[in-house]
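Subject: Structure handover

Hello,

Here is the structure I promised you. Please open it and keep it beside this email while you read.

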Amino acid sequence: MRQKILIFVMVGILAFVSFSGCRQMGKWTGEGAKEVEKGADSFEEGYDEGKN
């Protein structure tokens, strides 16, 4: 009986940690995408200035 409880607890902890890790990675990816968009906008502005 204790082994089953321990298994359920470990699976629960593993699921929670996996979910938290995925959420954090998604957050970092979103922040990185914002920075890339800002860089692309800056590149476009510089390109337009250089073209004129």
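First, a term you will need: a helix here is a DSSP run of H or I with at least four residues, and helices are numbered from the N terminus. Val17 sits in helix 1. Please remember that this is a predicted model.

**The helix**

Helix 1 runs over residues 2-51. How far apart should its ends be? At 1.5 Å a residue, its 50 residues should span 74 Å. The C-alpha atoms at its ends are 72 Å apart, which agrees.

Is helix 1 buried or in the open? A residue counts as buried when its relative accessible area is under 20%. Of the 50 residues in helix 1, the number buried is zero, so the helix lies largely in the open.

Some residues show this one by one. Arg23 is in helix 1. Its relative accessible area is 63%, so Arg23 is exposed. Gly30 also has its place in helix 1. At 33%, Gly30 is partly exposed.

**The nonpolar patch**

Go back to Val17. It belongs to a nonpolar patch on the surface.

**The negative patch**

Which residues form the negative surface patch? They are Glu37, Asp41, Glu44, Glu45, Asp48 and Glu49. Take Glu44, which lies in helix 1. Its relative accessibility is 48%, so Glu44 counts as partly exposed.

Arg23 and Glu44 are 21 residues apart, and their C-alpha atoms are separated by 32 Å. Gly30 and Asp48 are 18 residues apart, with 27 Å between their C-alpha atoms.

**The salt bridge**

Side chains of opposite charge can pair when their charged atoms come close. How many salt bridges are there? The count comes to one. It joins the side chains of Glu35 and Lys38, at 3.8 Å from N to O. That passes the cut-off, because a salt bridge needs the nitrogen within 4 Å of a carboxyl oxygen.

Why are these two separated by about one helical turn? Glu35 and Lys38 are three residues apart in helix 1. Lys38 counts as exposed, because its relative accessibility is 52% and the limit is over 50%.

Best wishes

Key. Residues are numbered from 1 along each chain as its sequence is written. This is a predicted model: local features need pLDDT of at least 70, side-chain atom pairs count only at pLDDT 80 or more; totals for chains, interfaces and linings use all residues. Side-chain values use heavy atoms; hydrogens and water are left out. The expected span of a helix is 1.5 Å times one less than its number of residues. Buried means under 20% relative accessible area, exposed over 50%, partly exposed in between (1.4 Å probe, protein chains only). Patches are made of residues with over 30% relative accessible area and no salt bridge: like charges are joined within 9 Å, nonpolar side chains (Val, Leu, Ile, Met, Phe, Trp, Tyr) within 5 Å. Accessible areas come from the Shrake-Rupley method with a 1.4 Å probe; for residues, only the protein chains shown count as cover. Lys and Arg count as positive and Asp and Glu as negative; His and the chain ends are not counted. The place of a charge is taken as NZ of Lys, CZ of Arg, CG of Asp or CD of Glu.
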